[in-house]
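Subject: Handing over a structure, with notes

Dear colleague,

I am passing this structure on to you, together with some notes for a reader who is new to it. Please look through the sequence and the model before you turn to the notes that follow.

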Amino acid sequence: MRRSHGTRQGTRSILSRSKTQRSRLFIRRALHGYEEGDRVAIVINGAEQMGMPHRRFQGRTGIITGKQGRAYIVAVKDGNMDKTVISRPEHLQPLE
């Protein structure tokens, strides 16, 4: 059988949540409003599938550059390249 190479391949530990966090919904995180220029950390919530960025960007920090529907456009540096990540606010955390 061929091995699956989907977007969530190899995410058993990255996207899993601890036992105490499994049923919790962070409503403040989902409703948080961001402005252009805000610094955010990309922390993927495995319980929310909509608007989830690729697992490559888990733990990265970026800058909000715009809004697209309910999601935000985040500029992230990936090695030497500048990349654009489109993510909903459930997967973002504000940085000071």
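Ile86, not counting residues up to four places away in sequence, touches Gly51, Gln68, Ala71, Tyr72 and Ile73, where contact means heavy atoms within 4.5 Å. Ile86 lies in strand S4, and with a relative accessible area of 42% Ile86 is partly exposed; here buried means under 20% relative accessible area, exposed over 50%, and partly exposed in between, with a 1.4 Å probe and protein chains only. Between the C-alpha atoms of Ile86 and Ile64, which are 22 residues apart along the chain, the separation is 9.8 Å.

Please keep in mind that this is a predicted model, in which local features need pLDDT of at least 70 and side-chain atom pairs count only at pLDDT 80 or more, while totals for chains, interfaces and linings use all residues. Residues are numbered from 1 along each chain as its sequence is written, and side-chain values use heavy atoms, with hydrogens and water left out.

As for the chain as a whole, it contains one helix and five strands, in the order α-β-β-β-β-β along the sequence; helices (H or I, at least four residues) and strands (E, at least two) are DSSP runs, numbered from the N terminus. The radius of gyration of the chain is 14 Å, close to the 12 Å that the globule rule gives for 96 residues, so the chain is as compact as a globular protein of that length; this radius is taken over C-alpha atoms, and the rule is 2.2 Å times the number of residues to the power 0.38. The C-alpha trace spans about 45 × 35 × 25 Å along its principal axes, and 30% of the 96 residues count as buried. Of the contacts between residues at least 6 apart in sequence, 55% join residues at least 24 apart.

Val40 is placed in strand S1 and counts as buried, at 0% relative accessibility. From C-alpha to C-alpha, Val40 and Thr61 are 5.6 Å apart in space, although 21 residues apart in sequence. Leu92, with the same exclusion of residues up to four places away, has contacts that include Arg29, Tyr34, Val40, Ile64 and Ser87.

Arg88 sits in the loop between strand S4 (81-87) and strand S5 (92-94), where Arg88 counts as buried at 16% relative accessibility; leaving aside neighbours within four places in sequence, Arg88 is in contact with Met50, Gly51, Arg70 and Ala71. Arg24, found in the segment before helix H1 (27-31), counts as partly exposed at 43% relative accessibility.

With kind regards
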